[in-house]
Amino acid sequence: MANFLPFDRDQPFLLPPDLKAWIPDDDLAHFVIAAVERVPLHSFAIPRRTGGKPQYNPRLMLALLIYCYANGLFSSRRIERATYRDIAVRFIAANQHPDHDTIATFRRTNTQAFEAAFLQVLLLARETGLLRLGTVSIDGTKIDANASKIRSVRYDRAVALRERLAADIAALTAQAEAADAEPDPQALPGELARRDVLKAKLDEACARLEAQAQAEADAARPAYEEKKAAHAARKGRRGPPPSPPDPTPPADRQSNLTDPDSALMRRSRTAEYRQAYNAQAVVCAEGSQLILATGLSASASDAPSLAPTILAMEPTLGLPAAVLADCGFGSREGVEQLQARGIDPLVAIGRTQPHRPYDFRPPPAVKPERQIKEPWRLDMKAKLETPDGQALYKRRKQTVEPVFGIIKSAMGFLRFHLRGLGPVAGEWTIVALAYNCRRLHRLCHA
C-alpha cells in the first residue's frame, strides 16, 4: 500500500511574523527593492493632489513592475492579482494592492523614472566590477505591437472608404430626420454614430499619411533644386528634367487605425508581416551580457538606429571603444559618425554564416559574389578578414542574440501592452531593466 503524507486543508496556520521568512535570502525581490531605492523621487511623474485618498509610493510601484516583468507578468490585471496570490509580489507591494488602472497609468506616465532606474542598475553593476565598458554589440528584434494588422488601411482604400462613408452618413442623416416621429428615434442615430467614428479614424489616418508624405517631399526639396540647377546649367542635349518631389502619399502606404505609430514589418524575407515595432538593444560584450542602452523605431530597417543608439550612451555610461553589428546596421553615415567620435565599428557587409555541411535543408543556389565598390565597405571587409577582426566579431552572436532569446522565451515578453511610440519605448525600457536585474542578480550569486 502506498504511503502518503497526510494533509488537511481545513487546518488553520499562522503566517510568519515577517513575510521575508518565506522568501529566500537570494531571491530577486531583495535585489529589485535595493535597486529601486537608488532612484530619486524627482524622476517620477507624481500627480499633484490637494485631497482624497493617499497615493501609492512610486518606488513601490516601480519595484512591483520590475519584479513582475522579470517573472513574466505583464498584464496590469495579472499584476494586481499577483499582489494577492504571490508571496514575493505581496512582499514587494508591502501587502498593498494597487488596482490595474493605477498600475497601467503608472506604467504609461513614468518613462523618465524607468530610464533613471535603468541607469542606476548599470551604475550599480559598474560599482561591483561586473560591468566593463569596452566592446558592445547592437542588434534589433521585431516585437508585436498592441494592434492587429487587419486594422491597417492603405491610403487609396482609406480615401475610397471616406467617400463611401460620407454618402452613407448623409443618407442615414436624412432617414433619421424623417424618422423623428417614429416610436424609437434612437435606432438610426446609433448606427449613424458608428459610421461617424469610423470616418473620423479614416480622416486621421489620411491626415497622418499626407503629413508624412509632405515631410518627405520637403526633405527631398533641396536635392531636387540642386539637380534642377545642374540640369539647367548643362549644355547640349540634357534629357528630361528631374521630377519634383510628390507630396501625395503612395497609394499602397498604410496606417494602422489602432496604433498609428506601429508598422507592418517582418523578421526576414521568409517570415510573415506583423504589426510590430523594431526594438534595439546595446549589450555588453565583455562578459556581463547586460543591456547598456535601448532604442525603438517603427522602421523595419536597423541602419538609421546605429549611430543614435550608440551615441545616446555618452551622457550616462560613456562611449564604448568598439561596436559589433550585423549587416542590417550597415550604412556609411552611421559608420562615419561613430568613427568621428573615436569608436571602432565592426559591421558585417554580407552573410557571415556559411551553410552548415550537415544541414537538413538543401544547399542554397550559388550566387555570384557581390561586387563591393563603396570605400567604407571595402575597408570594413578588409578589417573583418583579419584574425583579430574575426575573433572580435564572433562575440556579437554570443552576446546580443541570447539576450533577445531570454526576453522572449524565459521572460515570455512577445508583445507590447501600450500604444504609441513614446509609451512603447518606456515599456521596452522596463523590459530591459527587468532583464538587467535578472542578469545582475544571477552574476552576483554565481
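Gln-289 counts as buried at 14% relative accessibility (buried means under 20% relative accessible area, exposed over 50% and partly exposed in between, with a 1.4 Å probe and protein chains only). Gln-289 sits in the loop between strand 5 (274-284) and strand 6 (291-297), and has a positive phi of about 60° although it is not a glycine. This is a predicted model, in which local features need pLDDT of at least 70 and side-chain atom pairs count only at pLDDT 80 or more, while totals for chains, interfaces and linings use all residues. Residues are numbered from 1 along each chain as its sequence is written, and side-chain values use heavy atoms, with hydrogens and water left out.

**Backbone**

- Most residues other than glycine have a negative phi.
- Asn-95, not a glycine either, has a positive phi of about 60°.
- Asn-95 lies in the loop between helix 4 and helix 5 (100-109), and is partly exposed at 46% relative accessibility.

**Overall build**

- The protein has 13 helices and 8 strands; these are DSSP runs numbered from the N terminus, helices being H or I with at least four residues and strands E with at least two.
- Of its 446 residues, 40% count as buried.
- Along the principal axes, the C-alpha trace spans about 100 × 85 × 60 Å.
- The accessible surface comes to about 25800 Å², and 53% of that belongs to carbon and sulfur atoms (Shrake-Rupley method with a 1.4 Å probe; for residues, only the protein chains shown count as cover).
- Among contacts with a separation of 6 or more, 71% come from residues 24 or more positions apart (contact means heavy atoms within 4.5 Å).

**Salt bridges**

- Side chains of opposite charge can pair when their charged atoms come close.
- The count comes to 12 salt bridges, each being a side-chain nitrogen of Lys or Arg within 4 Å of a carboxyl oxygen of Asp or Glu.
- Arg-38 pairs with Glu-127, and their closest N and O atoms are 3.2 Å apart. Arg-38 lies in the loop between helix 1 (28-36) and helix 2 (58-70) and Glu-127 in helix 6 (residues 111-127), so the bridge ties together parts that are 89 residues apart in sequence. Arg-38 is partly exposed at 31%, whereas Glu-127 is exposed at 57%.
- Arg-396 forms a salt bridge with Asp-139, with the closest N and O atoms 3.5 Å apart. This pair links distant parts of the chain, Arg-396 in helix 12 (residues 387-410) and Asp-139 in strand 1 (residues 135-144), 257 residues apart. Arg-396 is buried, with a relative accessible area of 7%, and Asp-139 is buried at 7%.
- Arg-377 bridges to Glu-374, the closest N and O atoms being 3.6 Å apart. Arg-377 is buried at 14%, while Glu-374 is partly exposed at 35%.
- Asp-144, Lys-149, Glu-272 and Arg-274 are linked in a salt-bridge network.

**Aromatic rings**

- There are 8 aromatic pairs. Rings of Phe, Tyr and Trp (its six-membered ring) pair if their centres lie within 6.5 Å; planes under 30 degrees apart count as stacked, over 60 as edge-to-face and the rest as tilted.
- The rings of Phe-106 and Phe-114 have centres 6.1 Å apart and planes at 70°, so this pair is edge-to-face. Phe-106 is buried at 9%, and Phe-114 is buried at 0%.
- Tyr-69, Phe-74, Tyr-277, Phe-413, Phe-416 and Trp-428 form one aromatic cluster.

**Nonpolar surface patch**

- Phe-13, Leu-15, Trp-22 and Ile-87 form a nonpolar patch on the surface, with about 440 Å² of accessible area together. Patches are made of residues with over 30% relative accessible area and no salt bridge; like charges are joined within 9 Å, and nonpolar side chains (Val, Leu, Ile, Met, Phe, Trp, Tyr) within 5 Å.
- Ile-87 belongs to helix 4 (residues 87-92), and is partly exposed at 33% relative accessibility.

**Cysteines**

- A search of the whole structure finds 0 disulfides (a disulfide is a pair of cysteine sulfur atoms within 2.5 Å).
- Cys-68 has its closest cysteine sulfur in Cys-437, 13 Å away and too far for a bond. Cys-68 is buried at 1%, and Cys-327 is partly exposed at 45%.

**Around Ala-321**

- Ala-321 is found in the loop between helix 9 (306-311) and strand 7 (322-325), and is partly exposed at 48%.
- Leaving aside neighbours within four places in sequence, Ala-321 is in contact with Gly-134, Gly-342, Ile-343 and Asp-344.
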